[in-house]
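Please read it beside the sequence and the coordinates.

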Amino acid sequence: MNIWGEKICKSFGGKEVLRNINIEIAEGGIGCVIGPNGAGKTTLFKILSFLDRASSGEVYFNGSPSSSLSREERLNLRRRISLVMQNPFMFNTSIWKNVAYGLKLRRGRNVVEKVEEALRIVELSSIKHQSALTLSSGEAQRVALARALVLESEVLFLDEPVANLDPLSTKIIENLIVKMGKEHKRTVVLATHNLLQARRFADRVFVLRKGEIIQRGTAEDVFRHPGSSFSAEFVDVGNLFRGMVIFEQGVQKVDLGKIKIEIVPQSELFSTGISVFATIRPEDILLSREPLHSSARNSFLGRITNMEDRGGIIWVALEPVPELQESKSESVSAPFFAIITKRSKEEMDLEVGMRVYFTFKASCVNVMVAE
Amino acid sequence: MQNILISLNKALSLIISLDREIFSIVLLSFSVSLTAVFFSSLFSLPVSLLLALKKFPGRSFIVNATNSLMAVPAVAIGLVIYLLISRRGPLGVLGLLYTPWAMIIAQAILVTPIIISLSYRTLERFCSLVRETALSLGASGWQMVITILKEAKSSLTAGFIVGFARVIGETGMTMMVGGNIKGATRVMTTAIALETMKGDFELAIALGIILLVVSFAVNFILQRMQGGTS
């Protein structure tokens with residue numbers, strides 16, 4: 001099933017949440033809507049899965065407009081699509097009955113087999129008779145996924161499926177996403193604020209910011225040519241760089257052009273010259289006036305090019321400068337972002353133009369192959 | 001003090017021996033109040049659902065009116081009902097005055113704003129939790145409403161129990177429209193009031209104990225239910 005949104009706008013009480021969204025969800029494969037929290041991802045998903053209506057614009061499915069549908073037709077269409085919310089509500093009954101809910105509504109056949117199979121996939125068979133109200137958020141998310149899986153919907157919308165979950169649940173859910181999208185050729189659409197996740201799964205990417213799609217394309221396109229302010233928009237990945245794997249005196253590093261950062265050795269990246277993305281969370285970067293003697297493997301001198309107050313925390317943009325003051329005017333590269341508190345800024349007396357050391361551990365660098 | 005102890009002793013033996021008069025009074029109390037809550041819920045529940053699920057003009061007026069009606073004193077309701085169903089009143093031909101049905105009607109009217117007010121808030125809360133989940137799993141409009149009712153079941157029941165406790169303990173209004181006729185419309189509260197005024201404490205104490213046990217039981221059930229849902 002193709003779903004195609006045209007000029008979708010949505011306002012809540014005069015506040016515009018979505019503005020002129022054109023989006024096409026093609027059959028099969030994994031699509032990904034990425035954007036920071038509050039960008040309108042959830043609202044967009046509700047409209048595309050026919051749970052909510054757009055203020056203006058039209059949603060087409062397989063080419064026909066949905067606004068002309070009767071109530072009955074709309075229900076039938078809705079039953080071909082599933083949406084799993086970020087904080088799913090668990091019905092006050094057993095896990096098993098939660099999973100069976102959607103099938104019972106449809107008076108479906110083979111309920112027992114389907115439910116058992118879905119529970120096996122999300123690895124919850126052993127506790128299926130437990131109350132669903134006693135679950136951890138990771139288990140609840142898996143139940144919610146199983147509830148949608150049993151319906152064998154043509155399109156599966158997953159709103160932030162692994163945000164803040166335990167590693168085991170994350171792994172189970174991520175494997176499932178790949179299985180559904182790549183093996184079963186179902187249409188899966190993810191919403192995430194996590195670039196790495198989008199990078200790993202998505203065939204097609206839509207970047208949503210403040211209710212507008214600011215970039216779209218294949219995952220490769222979007223990651224090769226990130227829009228101007230694109231990388232900095234995401235709290236999770238303030239620092240996204242493209243570089244090349246090198247070995248310097250037997251140590252595996254990523255050459256970012258101006259500087260070379262040390263990473264935790266990774267087997268699949270052994271060969272020199274492989275192109276990679278490296279990400280570092282801004283909160284993992286430490287600033288100091290003097291060089292630090294610590295266990296952290298990466299420490300560089302940088303010049304503060306910008307400081308921005310974002311509600312109590314300061315985003316500091318740093319441009320790496322060579323320690324030996326040979327070449328003062330080099331080509332401008334993407335800045336590093338670090339987050340500090342207002343108090344740190346005042347105590348360290350930081351100002352734009354100042355030179356500081358920025359330090360981060362090799363284990364804080366997340367590397368993925370760019371192919 | 002001596003007198004009280006003697007009365008208490010006699011009261012307990014009345015309860016233990018399952019005195020027929022006491023038994024019939026307690027039975028009537030329960031059947032009147034339960035019937036009142038039942039008829040009220042036939043009206044209150046659909047209204048609460050409507051208030052919780054739909055936004056329509058006049059909705060906030062109904063909500064405010066319901067909240068105001070909760071503050072109307074029971075005797076005022078008793079007076080109005082009395083005037084309506086007394087022999088010369090507009091509904092006098094029905095011959096309802098001083099029958100159990102008069103008490104049921106008055107208690108149902110008293111309890112309705114309480115039940116609506118509690119139920120609609122409960123349903124509103126559950127609606128916001130359940131609605132999208134049910135719809136996203138393919139529920140039709142009706143199936144969604146049924147799911148909401150199922151999820152809200154124990155909270156709704158708690159509201160009904162609060163309403164029941166309110167009316168079974170009501171005295172003045174029930175006396176006015178029921179008349180406290182022995183063997184016909186004498187319920188626990190009106191009997192206690194009468195026997196106490198007569199100075200005949202045994203029956204009053206026996207019924208008082210039963211009424212206390214009822215309210216403790218109601219509280220206990222409510223607490224158990226709240227403990228179970230949180």
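## Conventions and confidence

Helix axes are lines fitted to C-alpha atoms over the stretch in contact, and the angles between them run from 0 to 180 degrees between N-to-C directions. The model is a predicted one, in which local features need pLDDT of at least 70 and side-chain atom pairs count only at pLDDT 80 or more, while totals for chains, interfaces and linings use all residues. Residues are numbered from 1 along each chain as its sequence is written, and chains are lettered from A and ligands numbered from 1 in the order in which they are written.

The predictor gives the complex an ipTM of 0.78 and a pTM of 0.72. Where pLDDT is low, predicted coordinates should not be read in detail.

## Chain A: overall organisation

Chain A has 9 helices and 20 strands, where helices (H or I, at least four residues) and strands (E, at least two) are DSSP runs numbered from the N terminus. Its domain assignment, of the kind taken from an automatic or database source, gives domain 1 (3-233), domain 2 (239-280) and domain 3 (283-359). The C-alpha centres of domain 1 of chain A and domain 2 of chain A are 34 Å apart.

Of the 371 residues in chain A, 39% are buried; a residue is buried if 20 or more other C-beta atoms lie within 10 Å of its own, exposed if 12 or fewer, and partly exposed in between, with C-beta atoms placed from the backbone. Two residues are in contact if their C-beta atoms, placed from the backbone, lie within 7 Å, and among the contacts in chain A with a separation of 6 or more, 70% are between residues 24 or more positions apart.

## Chain A: a helix pair and selected residues

Helices α3(A) and α4(A) pack at an angle of about 125°, with their axes 10 Å apart. That angle makes α3(A) oblique to α4(A), given that angles under 35 degrees count as roughly parallel, over 145 as roughly antiparallel, 65 to 115 as roughly perpendicular and the rest as oblique. Their crossing is right-handed, a term used if the near helix is turned clockwise from the far one by less than a right angle, and left-handed if anticlockwise. On the α3(A) side A:Trp96, A:Val99, A:Ala100 and A:Leu103 meet A:Val111, A:Lys114, A:Val115, A:Ala118 and A:Leu119 of α4(A).

A:Asn110 is found in the loop between α3 (95-105) and α4 (111-121) of chain A, and has a positive phi of about 50° although it is not a glycine. Most residues other than glycine have a negative phi. A:Asn110 counts as exposed because it has 11 C-beta neighbours inside 10 Å. A:Glu152, in the loop between α5 (137-149) and β7 (155-159) of chain A, also has a positive phi, near 50°, but counts as partly exposed because it has 16 C-beta neighbours inside 10 Å. A:Val17 lies in strand β2 (residues 15-25) of chain A; leaving aside neighbours within four places in sequence, A:Val17 is in contact with A:Lys10, A:Ser11, A:Phe12, A:Gly40, A:Thr43 and A:Gly211.

Chain B has 9 helices and 0 strands, and the C-alpha trace spans about 70 × 45 × 25 Å along its principal axes. Buried residues make up 39% of its 230 residues, and among contacts in chain B between residues at least 6 apart in sequence, 74% join residues at least 24 apart.

Helix α5 (residues 100-136) and helix α6 (residues 141-168) of chain B pack at an angle of about 155°, with their axes 8 Å apart, and are therefore roughly antiparallel to each other; their crossing is right-handed. B:Ala76, in helix α4 (residues 74-85) of chain B, is exposed because it has 11 other C-beta atoms within 10 Å. B:Ala76 and B:Met173 are 97 residues apart in sequence but 7.9 Å apart in space, C-alpha to C-alpha.

## The interface

Between the chains, 18 residues of chain A are in contact with 12 residues of chain B. The elements giving two or more residues to the side of chain A that touches chain B are α2 (71-78), β6 (81-84) and α3 of chain A, and the largest share, 3 residues, comes from α3(A).
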